[in-house]
Structure formats: C-alpha cells, structure tokens
Amino acid sequence: MSSTDGTAPPDRPTDRSTGPKLDLGPVGHLGDRLFAGLARGSGGLVVAIVAFVGIFLLALAIPALADNNSSFLFSRIWEPGGETPRFGIAALFYTTLVSSIIAMVIAVPIAVGVALFTTYYSPKRLAAPVSHAIDLLAAVPSIIYGLWAIIFFAPILRPVIDGLSSALGWLPLFEKPATDNLGVVFTASVVLAIMILPVVTAISREIFAQTPITHREGALALGATRWEMIRMAVLPYGRSGVVSASMLGLGRALGETVAVLIILSVPNGNDPWDSSIFAGGETFASKIANNAAEFDSPEKTGAYIAAGLVLFVVTFLVNSAARLIVARSGPGNRRPRRNRRAGTNPAQTEGAAT
Amino acid sequence: MAKRIEVSGLNVYYGDFKAVEDVSMTIEPRSVTAFIGPSGCGKSTYLRTLNRMHEVIPGARVEGKVMLDQQDLYASGIDPVAVRRVVGMVFQRPNPFPTMSIFDNVASGLKLNGVKDKKKLTEVVEASLKGANLWNEVKDRLEKPGSGLSGGQQQRLCIARAIAVEPEVILMDEPCSALDPISTLAIEDLIEKLKDKFTVVIVTHNMQQAARVSDQTAFFNLAATGKPGRLIEMGPTKQIFSNPNEKATEDYITGRFG
C-alpha cells in the first residue's frame with residue numbers, strides 16, 4: 001500500500017479524476033535532510049564544547065583545591081605550588097569586580113547620552129558619523145588600548161586621581177596609597193569603560209530608535225518638550241534594554257585581559273595590596289595571563305585554573321542575568337503578568353472588548 | 001475655555017510634495033467639526049497642522065495662517081510645545097504610556113506643566129476620568145498600568161489625559177477606527193459631552209459617525225493620486241449629508257465615489 005506520510009508517490013491512480021493527472025510525487029527533500037543534519041550537528045557541537053570547557057576546568061581545579069591550605073574564597077594570599085600550597089581569590093575577585101563596576105558606572109551614562117543624541121537630537125548627517133566612530137572603538141584591539149593607556153592616558157588621568165582622592169580620600173575605596181604609580185585600578189576602569197562603550201551604545205541606540213511613534217507622539221501632543229518626551233516615552237521603553245546592555249558590557253569588562261594586564265601594576269613587597277582604586281592590583285584574567293609561564297606543575301596550574309573557573313562562573317551569571325532581564329521584560333511591556341491580570345479584572349464593563 | 005480656529009490659505013508640504021492645498025475654514029468654539037474624505041486626501045495631515053504635530057515628521061512644513069482667537073500659531077516666537085498644551089490631540093490607536101499607571105497617565109500632562117501638589121493632581125485626575133466617562137470603570141485600580149485596559153477604555157484614558165490639561169481645542173484623528181462598535185459608541189457619547197467645554201475636531205472614515213456626532217462637516221478630496229488634497233466644501237452636517245452643494249460630496253456620501 002501507499003505510505004501514509006504523503007511523501008511517497010501514490011501507487012494507485014484514482015479513477016474519479018477527470019482532468020490530466022497531477023504530478024504529486026516526491027519533490028526532492030535532499031536539501032532539507034542535509035541542512036537539518038548540519039543544523040543539528042552544529043547545535044550539538046556548541047553544547048559539547050561548553051561542556052568540555054567546564055569539565056576541563058573542574059577536572060584540573062579540583063585536585064589543586066583539595067591540596068589548598070588556605071580558604072580559596074576568602075584568602076588574599078597567592079602561593080600555589082611548593083610544599084604547602086596556599087591560595088585564595090579574595091583580592092582577585094575584589095579587583096575584578098570593582099574595576100568592572102566602575103567601568104560600567106562610567107560607560108553607561110555616556111552610552112545612553114550618545115545613543116539619545118544619535119537617535120533624537122543630532123541632525124541626520126551627524127548621527128551616522130558619530131555612530132560609526134563609536135562602533136570603531138570596538139574595532140581597536142585591546143593590546144592597543146593597553147599601550148595607549150599606560151603610555152599616554154595614565155599620566156593625563158593623574159590630576160583626576162589626585163583630585164578624587166583628596167576629595168573622597170576618607171573612603172577606603174578612594175584612599176591615596178603611599179606610592180605613586182600609574183598602573184592603578186581606576187585607570188584600568190576608565191579604559192574598560194571606553195572598551196565597553198560601543199556595545200552598550202549600540203544596543204541602547206537600537207532600543208531607543210524602536211520606541212513606537214505612537215508613544216512619542218502621545219507625549220509630544222501633551223505639550224512635552226523633546227527631553228520630556230524622552231523621559232516619558234523613550235526611557236521607560238528602553239529601560240530593560242539599557243539594563244541588559246550594561247550587563248553585557250559588565251560581562252565583557254570582567255573578562256578583559258590584555259589591556260588590564262598591561263595597565264595594572266602588580267602588588268609586591270614595596271607596594272602591597274590595597275583596597276583603594278588608586279592602587280595597583282590584579283584581576284582574574286590579568287593574574288592568569290601574567291603567570292602563564294609558571295604553569296609547570298599540575299598543582300600550580302590547578303590553582304590558576306580554579307581562579308579561571310570562578311571568572312567563568314561570574315561571567316556566566318552576569319550574562320544569564322542580562323538575558324533574564326531581557327526575557328522577563330521585553331521592550332514596552334514591562335509588567336506583562338500584572339497587565340494580564342488587570343485585563344481580566346471583573347471590574348471591566350466593556351463586554352465587547354473581551 | 002474653547003476657542004475659534006480660523007484657517008486661511010493653508011498649504012502643507014512634505015519636502016517638495018504638496019499634500020494639502022489652499023484650505024480656508026472657520027471652526028466654531030464649543031462645537032464638533034468632522035473632517036471626512038477618502039484615504040490620502042490630507043485630512044489627517046491638515047488636522048495635525050492645527051497643533052503643529054506635523055512638525056514631528058521630517059520635511060513637513062506649512063504655508064498660510066492658523067489663527068486661534070486672533071493668535072497666529074505659526075507666527076515667529078510661537079513655541080510648538082506651548083501650542084500643543086492648548087490644542088490637545090487623541091490618536092487613531094490608543095497610546096497610553098505603557099509603563100505608567102492609570103493615574104500617572106492622566107496626571108502626566110499636569111506634571112509637565114509643573115503641578116506637583118498631590119491633592120490637586122488627585123482632584124484633576126478624578127474630574128478628567130469622570131469627564132471621559134471612565135471613572136466608574138477604573139476608580140478601584142488607578143495604580144494599575146493603563147496598558148491593561150481594553151482598547152476602548154484605553155482610548156477614553158487618552159481622552160482623559162488630553163482634557164486633564166484643560167486645552168482649548170481637542171483634535172481627534174480617527175479615534176474609533178481601532179475600536180469595536182460598543183467602544184465606539186462610548187467614545188461618541190463622550191464627544192457629545194466634550195463639546196460643552198471644548199472645541200472638538202474629529203477626522204473620521206465613518207460617515208455615520210460624522211453624521212451622528214458633528215455639527216459641521218468638511219469634505220476633503222483629491223483630484224488624483226499624487227495631487228494635493230483640497231477642501232471641497234464645508235457646512236452644517238445636516239446640509240452636507242442631505243443636500244450638498246458639490247457633486248463630489250454627494251458622490252462620496254452616497255457611496256458612488258470614484
């Protein structure tokens with residue numbers, strides 16, 4: 001009998017047909033099958049790669065962690081290898097997080113400003129060049145940022161650092177350390193801010209430009225000025241987009257390696273670790289990169305791998321948070337659950353609208 | 001609190017394209033004036049020039065005069081933002097601010113004008129919602145988002161938002177075209193009530209609606225695609241619908257158009 005899936009040719013002509021017989025045989029699904037295989041394979045491969053990276057990190061980190069003689073999460077000492085290995089990530093964690101958060105605090109307002117300027121303020125012929133210039137910042141290799149920062153930019157930032165530390169020096173975060181060096185966390189943060197500016201700007205720009213014209217006209221028709229229109233219509237619409245863009249920027253700043261490695265001066269005997277952002281320090285990424293030459297014993301390597309694992313998890317969490325925020329609140333419908341409930345409220349009297 | 005609009009020799013352009021040509025009319029205070037005509041005849045474009053909302057569209061410009069009780073809206077030194085605070089507008093699709101509560105939606109215009117006093121805001125919000133025939137339906141959930149209302153309720157919310165700032169004139173651009181018949185009826189009842197206090201101008205594709213709600217009707221038409229729209233005739237609604245002066249008007253309202 002004929003197959004039931006409809007793809008095999010019919011083996012029994014119907015005698016009811018009056019006109020010429022239609023050709024309804026197989027159309028050739030080779031392309032479909034090939035592409036489906038390719039797509040499935042690619043999808044599986046990505047999952048496999050992520051899983052292997054995770055397994056690799058865990059497998060190498062666990063033995064080293066088992067031999068560790070000090071608290072991995074809360075110690076600031078880093079002496080892996082040797083008879084009694086002792087290492088902890090507290091300092092790395094602190095510097096990584098503080099430098100990235102300061103970068104975000106600097107970059108996000110600027111990015112939002114640039115995005116608003118190019119979408120709602122600048123004349124058309126200025127908007128495109130400005131956008132391109134910002135996008136170009138993303139094309140600069142991070143090694144160039146590092147060199148530029150330590151040779152050219154850090155000396156320029158010196159007065160800013162002096163000013164901030166004399167004004168806010170009573171806070172440990174802004175305390176002026178005993179020694180003057182150029183490679184401080186604050187400088188790294190400013191450079192990271194420049195590096196994440198393009199991605200935050202681009203996403204904010206897209207979302208602002210998508211604000212429905214009806215919302216904008218609603219505000220303008222009430223007699224809103226341009227800024228009032230932006231406050232009433234554009235910013236509420238784009239808020240979740242800006243938040244997720246900031247998180248993506250944060251994720252990038254957390255993992256940035258080469259620029260940070262070049263800029264930050266490593267704490268040593270003369271210049272010990274300091275909680276101030278006007279002192280040197282090391283992030284996860286810069287620490288690992290700085291010491292790549294020392295991966296000579298499995299114990300030592302495992303310690304760095306364990307630090308890398310923490311960075312992996314933190315970055316993963318930040319990116320997941322960004323995705324969660326986007327999924328939870330698509331642009332324009334910030335509170336979908338509550339909206340739905342309000343819509344089915346029995347107080348609604350317009351029967352025809354349901 | 002309602003003003004007369006006198007338009008003379010008004011042309012509207014989008015860039016080089018002339019969309020509306022040589023419109024002159026007088027719109028009486030405390031009345032409802034309906035604009036009817038086929039799609040693309042420029043009636044919505046023309047409506048927008050009455051509160052300078054057309055300036056939102058890049059390249060749109062106007063020649064001619066629009067006088068609001070002796071004040072030229074296009075004179076130099078006139079701020080379009082100030083014009084829109086006096087001439088309010090309701091759009092085709094209900095557009096409450098989605099992230100704002102019902103209360104904040106109605107209060108938004110007042111807040112723009114710098115009203116901060118909570119008691120005053122509460123009073124005006126209640127009065128405006130009552131004025132828009134919406135108070136009884138939303139009084140228990142003023143803090144809920146406005147986007148949770150039905151389409152017809154949202155449109156009345158937008159009308160409440162527009163009348164909260166006590167404008168002289170309210171422009172409505174096909175306010176019922178996205179609504180079902182029952183909601184439409186609610187809006188039409190409301191328009192009838194609004195004309196006690198405001199000058200109302202409404203663009204509509206629905207000729208029964210024009211006949212039901214308006215005192216004066218203006219018929220717009222265009223000679224051909226690509227030609228500018230023109231005002232063909234304007235008069236009392238009864239006369240336009242029973243005994244129009246122009247053949248084109250009669251053809252349009254009897255459905256023999258084209």
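Modeller: In this predicted model, B:Phe35 of chain B has B:Val203 as its bridge partner in β8(B). On β9(B), B:Phe35 stands opposite B:Ala218.

Biologist: Why is β3(B) called largely enclosed?

Modeller: A residue counts as buried if 20 or more other C-beta atoms lie within 10 Å of its own. Five of the five residues of β3(B), residues 32-36, are buried, so the strand is largely enclosed by the rest of the structure. Both faces are covered, with B:Val32, B:Ala34 and B:Ile36 on one side and B:Thr33 and B:Phe35 on the other. In general, side chains in a regular strand alternate between the two faces of the sheet.

Biologist: What makes β5 and β6 of chain B edge strands?

Modeller: The open sheet of ten strands has the order β5-β4-β1-β2-β10-β9-β3-β8-β7-β6 in chain B, with mixed pairing. The edge strands are β5 and β6 (87-90), each of which pairs on one side only.

Biologist: What is noted about phi of B:Arg30, and why is B:Arg30 called partly exposed?

Modeller: Phi of B:Arg30 is near 50 degrees, a positive value in a residue other than glycine. Most residues other than glycine have a negative phi. B:Arg30 is found in the loop between β2 (17-27) and β3 of chain B. Partly exposed lies between the limits of 12 or fewer neighbours for exposed and 20 or more for buried. B:Arg30 has 16 other C-beta atoms within 10 Å, so it is partly exposed.

Biologist: Why does B:Gln70 count as exposed?

Modeller: B:Gln70 has 8 C-beta neighbours inside 10 Å; the limit for exposed is 12 or fewer, so B:Gln70 counts as exposed. B:Gln70 also has a positive phi, about 75 degrees, although it is not a glycine. This residue is found in the loop between β4 (60-68) and β5 (71-72) of chain B.

Biologist: Turning to helices, why are α2(A) and α3(A) called roughly antiparallel?

Modeller: The axes of α2(A), residues 90-121, and α3(A), residues 124-137, come within 9 Å and cross at roughly 150 degrees. Angles over 145 degrees count as roughly antiparallel, so α2(A) is roughly antiparallel to α3(A). The crossing is left-handed. A:Val114, A:Phe117 and A:Thr118 in α2(A) meet A:Ala127, A:Val130, A:Ser131 and A:Ile134 in α3(A).

Biologist: What makes α3(B) and α6(B) roughly parallel?

Modeller: Helices α3(B), residues 102-112, and α6(B), residues 151-164, pack at an angle of about 30 degrees, with their axes 7 Å apart. Angles under 35 degrees count as roughly parallel, so α3(B) is roughly parallel to α6(B). The contact includes B:Ile102, B:Asn105 and B:Val106 of α3(B) and B:Leu157 and B:Ala160 of α6(B). The crossing of α3(B) and α6(B) is right-handed.

Biologist: Which residues touch the most other members of the largest nonpolar core?

Modeller: Of the 150 residues in that core, A:Val191, A:Ile196 and B:Ile170 touch the most other members. Helix α5 (residues 185-209) of chain A gives the core its largest share, 16 residues. Not counting residues up to four places away in sequence, B:Ile170 touches B:Gly88, B:Val90, B:Ala162, B:Ile163, B:Leu194, B:Phe198 and B:Val200.

Biologist: How many helices and strands does chain A have, and what percentage of its residues is buried?

Modeller: Chain A has eleven helices and two strands. Buried residues make up 34% of its 354 residues. Of the contacts in chain A with a separation of 6 or more, 73% join residues 24 or more positions apart.

Notes
Residues are numbered from 1 along each chain as its sequence is written. Chains are lettered from A and ligands numbered from 1 in the order in which they are written. This is a predicted model: local features need pLDDT of at least 70, side-chain atom pairs count only at pLDDT 80 or more; totals for chains, interfaces and linings use all residues. Helices (H or I, at least four residues) and strands (E, at least two) are DSSP runs, numbered from the N terminus. Two strands pair if DSSP finds at least two bridges between them. A nonpolar core is a set of buried Ala, Val, Leu, Ile, Met, Phe, Trp, Tyr and Cys residues joined through C-beta atoms within 7 Å. Two residues are in contact if their C-beta atoms, placed from the backbone, lie within 7 Å. Axes are lines fitted to C-alpha atoms, for helices over the stretch in contact, and angles run from 0 to 180 degrees between N-to-C directions. Angles under 35 degrees count as roughly parallel, over 145 as roughly antiparallel, 65 to 115 as roughly perpendicular and the rest as oblique. A crossing is left-handed if the near helix is turned anticlockwise from the far one by less than a right angle, and right-handed if clockwise.
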